[in-house]
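Open the model in your viewer and get ready to select residues by number. This short tour goes stop by stop.

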Amino acid sequence: MGLIGDLQLLVFFALALGAFVVELWALVHCLRQPAQAFSYAGKRTKNFWLVVLAVNVALGFIAVPPGPLSGGFLSIILVIPAAIYLTDVRPAVSGYGRGRRGGGGW
């Protein structure tokens, strides 16, 4: 490979590693939330999100190492469910059972 090929490989590796970290963060957050928070917030069940995020973490882990077996764009696409969880579900379930954050209130 030439210099450009090595640089491309490094960029894909960095993107895949970053996507894997985001997927892992979403899974850990989901594991720490009570199951009732999901139904209370009107989101899909905790088990649904655990399965989706666990599959993404497993496939993301396989896609991280550069080489002929790496996922390429697949590793970047796999981050979409984690991004949906972190931007939509996480804010809805994070405050459940922890009281109000910030000032104000009785």
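**Stop 1: a helix pair.** Select helix 1 and helix 5, whose crossing is left-handed. Helix 1 covers residues 3-32 and helix 5 covers residues 79-94. Their axes lie 9 Å apart and meet at an angle of about 35°. Keep in mind that this is a predicted model.

Now show the side chains at this contact. From helix 1, pick Ala19, Val22, Glu23, Trp25, Ala26, His29 and Cys30. From helix 5, pick Val79, Ala82, Tyr85, Leu86, Arg90, Val93 and Ser94. Colour them by type: ten are nonpolar, two polar and two charged.

**Stop 2: histidine 29.** Stay on helix 1 and centre on histidine 29. Is this histidine buried or exposed? Histidine 29 has a relative accessibility of 12%, so it counts as buried, the cut-off being under 20%.

Which residues does histidine 29 touch, beyond those up to four places away in sequence? Select Tyr85, Arg90, Val93 and Ser94. Then look at tyrosine 85 with histidine 29: a polar contact of 2.8 Å joins their side chains. The two residues are 56 apart along the chain, yet their C-alpha atoms are separated by 9.6 Å.

**Stop 3: the nonpolar core.** Next, select Cys30, Phe38, Trp49, Leu53 and Tyr85. These belong to the largest nonpolar core, a set of 17 residues, and they touch the most other members. Which helices supply at least two residues each? Helix 1, helix 2 (35-40), helix 3 (46-63) and helix 5 do. In soluble globular proteins, nonpolar side chains tend to be buried together.

Zoom in on cysteine 30. Set aside its neighbours within four places in sequence, and its contacts are Phe38, Lys46, Trp49, Leu50, Leu53 and Tyr85.

**Stop 4: asparagine 56.** Move to helix 3 and select asparagine 56. How buried is asparagine 56? Its relative accessible area is 6%, so asparagine 56 counts as buried under the 20% cut-off.

Glu23 takes you back to helix 1, where it is part of the contact with helix 5.

Technical notes: Residues are numbered from 1 along each chain as its sequence is written. This is a predicted model: local features need pLDDT of at least 70, side-chain atom pairs count only at pLDDT 80 or more; totals for chains, interfaces and linings use all residues. Side-chain values use heavy atoms; hydrogens and water are left out. Axes are lines fitted to C-alpha atoms, for helices over the stretch in contact, and angles run from 0 to 180 degrees between N-to-C directions. Helices (H or I, at least four residues) and strands (E, at least two) are DSSP runs, numbered from the N terminus. A crossing is left-handed if the near helix is turned anticlockwise from the far one by less than a right angle, and right-handed if clockwise. Contact means heavy atoms within 4.5 Å. Ala, Val, Leu, Ile, Met, Phe, Trp, Tyr, Cys and Pro count as nonpolar, Asp, Glu, Lys and Arg as charged, and the others, Gly among them, as polar. A nonpolar core is a set of buried Ala, Val, Leu, Ile, Met, Phe, Trp, Tyr and Cys residues joined through side-chain atoms within 4.5 Å. Buried means under 20% relative accessible area, exposed over 50%, partly exposed in between (1.4 Å probe, protein chains only). A polar contact is a pair of N or O atoms within 3.5 Å; within protein, one must be able to donate a hydrogen and the other to accept it, and residues adjacent in sequence count only if both atoms are side-chain atoms.
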